[in-house]
Amino acid sequence: MIWSNMEYVTLRIIRRFLFSGQMLDKLGGWMPYWRVNQGLLDPEPIVTAWQRLAREAGPECPDLRGKRVAELGCGAANGTGYEWTARLGGRWIGVEPFARFDADLDERVFQQVCWRFPGASRMTVSRVASLDALETGSVEVIVSNSVLEHVRDPLDAFRQCWRVLAPGGVMLHQVDYRDHFFKYPFHFLTFSQAIWDNLLDPGDLPRHRLDDHLDDLARAGFDARVLERQTDPRALAAVAPFLDPAFARRDKDMLATTTAAVFCRKPL
Ligand SMILES: C[S@@+](CC[C@H](N)C(=O)[O-])C[C@H]1O[C@@H](n2cnc3c(N)ncnc32)[C@H](O)[C@@H]1O
């Protein structure tokens, strides 16, 4: 029994039964250990990170300029799309199945981008609710930020990405593997699947780990490479004796992953 679980479980139950994701986006400033989605605040660091990752990927990653790009899970506004196309041109399509479009927020983020890039345009930016809406081979780049950790069926998502990507197309995914109550990054791995699913999961945290994603990417046909990975072995060690058996038998170094950036390529 971990004593901190009393605080953790209380917060998780409050989160599951009292707060919707949209409420948290509004209240996130004071919700304990919660963080508002970066895309709602400022898209600039997200696009900067994708450009850095593209450079880190080396010659396997094409020049991002002028490309047709889809962003998985762009959130309630198209801010990253305005930032991306203002910097790199091309066309951007946001794929957002759950978050309702927020026109006021979108206008605010658009003005923020226009302030940095006076030529920013809405014309090259659009959004759809599902990858199903995109034609086979119609995009050259797929990106995401803090999304894969929320995807319930990653293999299905990767197979859809494979379909919409043109041959030679690439993906850049930034993933946050921590429990999103950031004070306790690995407490959620101490609960059985049944307790997590029925009592504690806020509804969008299926607990897939980096190696699960890498396996699914390979099964979908991608060449995948981890470009960046941060770990927190001390936080993992604090819960190691209490891990649910499904996690306890797994590779401890992989399990200690807090964030990672993955580059994937669909071979020609
Ligand atoms: C933590 S938010 C990140 C939003 C935005 N990318 C950002 O960085 O601010 C996770 C987003 O992933 C979306 N999402 C969850 N499952 C998804 C799926 N299967 N396909 C696409 N997006 C998904 C959610 O609706 C949500 O908008």
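Helix axes are lines fitted to C-alpha atoms over the stretch in contact, and the angles between them run from 0 to 180 degrees between N-to-C directions. In this predicted model, the axes of helix H4 (residues 44-57) and helix H5 (residues 79-88) come within 9 Å and cross at roughly 50 degrees. Angles under 35 degrees count as roughly parallel and those from 65 to 115 as roughly perpendicular; H4 and H5 are therefore oblique to each other. The crossing of H4 past H5 is right-handed. On the H4 side the contact is made by Glu44, Ile46 and Val47, which meet Thr80, Glu83, Trp84 and Arg87 in H5. By class, the residues of this contact comprise three nonpolar, one polar and three charged.

The strands were examined next. An open sheet is formed by seven strands in the order E3-E2-E1-E4-E5-E7-E6, with mixed pairing. Strand E3 (125-128) and strand E6 (223-231) stand at the edges; each has a single partner strand, so one side of each is left without a neighbour in the sheet. On average, neighbouring strands of the sheet are turned by 20 degrees against each other, direction ignored.

Helix H7 (residues 154-164) touches strand E1 (68-72), strand E4 (139-145) and strand E5 (165-176), and its direction makes about 145 degrees with that of E5. Helix H9 (residues 210-220) touches E5, E6 and strand E7 (257-265), and the direction of H9 makes about 10 degrees with that of E7.

Strand E2 (residues 91-95) pairs with E3 in the parallel sense over four bridges, and Val95 stands opposite Val128 in E3. E1 and E2 also run parallel, joined by five bridges; here Glu71 stands opposite Gly94 in E2. A residue is buried if 20 or more other C-beta atoms lie within 10 Å of its own. Four of the five residues of E2 are buried, so this strand is largely enclosed by the rest of the structure.

A loop residue was also considered. Ala240 lies in the loop between helix H10 (233-239) and helix H11 (245-248). From C-alpha to C-alpha, Ala240 and Phe117 are 48 Å apart in space, with a separation of 123 residues in sequence.

Terms used: Residues numbered from 1 in each chain as written. Predicted model: local features only at pLDDT ≥ 70, side-chain atom pairs only at ≥ 80, totals over all residues. Pairing = 2+ DSSP bridges. Helix = DSSP H or I, 4+ residues; strand = E, 2+ residues; numbered from the N terminus. Contact = placed C-beta atoms within 7 Å. Parallel < 35°, antiparallel > 145°, perpendicular 65-115°, else oblique. Left-handed = near helix turned anticlockwise from the far one by under 90°. Nonpolar A, V, L, I, M, F, W, Y, C, P; charged D, E, K, R; others polar. Buried ≥ 20, exposed ≤ 12 C-beta atoms within 10 Å, placed from the backbone.
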